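Dear colleague,

Please find the structure below, handed over for your review. My notes on it follow directly after.

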Amino acid sequence: NPLASVTTYIIEVVDLPNIAEAGSTAPVADGLFEEFSGLMQWPHLDLGAIGREKQLIGFDLITDAPAGVEVSIGYDQTDLTARTTPYAIDADTLPGQLVPIPVSGPSFDLQLTFAPQQIWEWQAANLYLQDWRLTS
């Protein structure tokens, strides 16, 4: 079983105010509005031994976003632009299998981008990884 020794990390925030309840527009001037995307990002997630190479196997998200969400994984904490191409997924990935996205690195950066013109909410993210230490 390839997932037998996988470590799961759960990212969860309790009582986070939903900043998207007003929709995804911001007043510019005199009744004009400009669209904007919702962005959530967690840079420098060590998820185990600091500085040790790890293999991200995949993830699950629990969000409410009718227009979906794009996910991108950063893999080099010295360069925040070093990341996977954004991957559009359904908002809730828990039913079924995890979303596979194999990436290696000493730390990871989870970035979620919600499309404009939707009311969205994020609840949790599960990251599944293999720590390459001999004792893991």
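I begin with Glu121, which lies in strand β10, spanning residues 121-131; strands here are DSSP runs of E of at least two residues, helices are runs of H or I of at least four residues, and both are numbered from the N terminus. With a relative accessible area of 36%, Glu121 is partly exposed. That term covers the range between buried, under 20% relative accessible area, and exposed, over 50%, with a 1.4 Å probe and protein chains only.

Please note that this is a predicted model, in which local features need pLDDT of at least 70 and side-chain atom pairs count only at pLDDT 80 or more, while totals for chains, interfaces and linings use all residues. Residues are numbered from 1 along each chain as its sequence is written, and side-chain values use heavy atoms, with hydrogens and water left out.

Glu121 also belongs to a negative surface patch, together with Asp64, Asp90 and Asp92. Patches are built from residues with over 30% relative accessible area and no salt bridge, joining like charges within 9 Å and nonpolar side chains (Val, Leu, Ile, Met, Phe, Trp, Tyr) within 5 Å. Asp and Glu count as negative and Lys and Arg as positive, whereas His and the chain ends are not counted. Each charge is placed at NZ of Lys, CZ of Arg, CG of Asp or CD of Glu. Accessible areas come from the Shrake-Rupley method with a 1.4 Å probe, and for residues only the protein chains shown count as cover.

As to the overall fold, the protein chain has ten strands and zero helices. Buried residues account for 40% of its 136 residues. The accessible surface of the protein chain is about 8,100 Å², and carbon and sulfur atoms contribute 55% of that surface. Of the contacts (heavy atoms within 4.5 Å) between residues at least 6 apart in sequence, 80% join residues at least 24 apart.

Side chains of opposite charge can pair when their charged atoms come close. The model contains one salt bridge, defined as a side-chain nitrogen of Lys or Arg within 4 Å of a carboxyl oxygen of Asp or Glu. The partners are Arg83 and Asp109, at 3.3 Å from N to O. This pair links distant parts of the chain, 26 residues apart: Arg83 sits in the loop between β6 (69-74) and β7, and Asp109 in strand β9 (residues 108-114). Both Arg83 and Asp109 are buried.

Two further residues of the loop between β6 and β7 deserve mention. Thr84 is in this loop and counts as buried because its relative accessibility is 17%. Leaving aside residues up to four places away in sequence, Thr84 touches Ser72, Ile73, Tyr75, Ile101 and Val103. Gln77 lies in the loop between β6 and β7 as well, but is partly exposed at 42%. With the same exclusion of residues up to four places away, Gln77 touches His44, Asp46 and Ser107.

Ser107 also figures in the surroundings of Leu47: the two are 60 residues apart in sequence, with their C-alpha atoms 6.9 Å apart. Leu47 is placed in the loop between β4 (38-45) and β5 (54-64), and its 12% relative accessibility makes Leu47 buried.

Finally, Thr93 is found in the loop between β7 (87-89) and β8 (99-105). Thr93 is buried at 8% relative accessibility. Its contacts, not counting residues up to four places away in sequence, are Phe59, Asp60, Leu61 and Val99.

Yours sincerely
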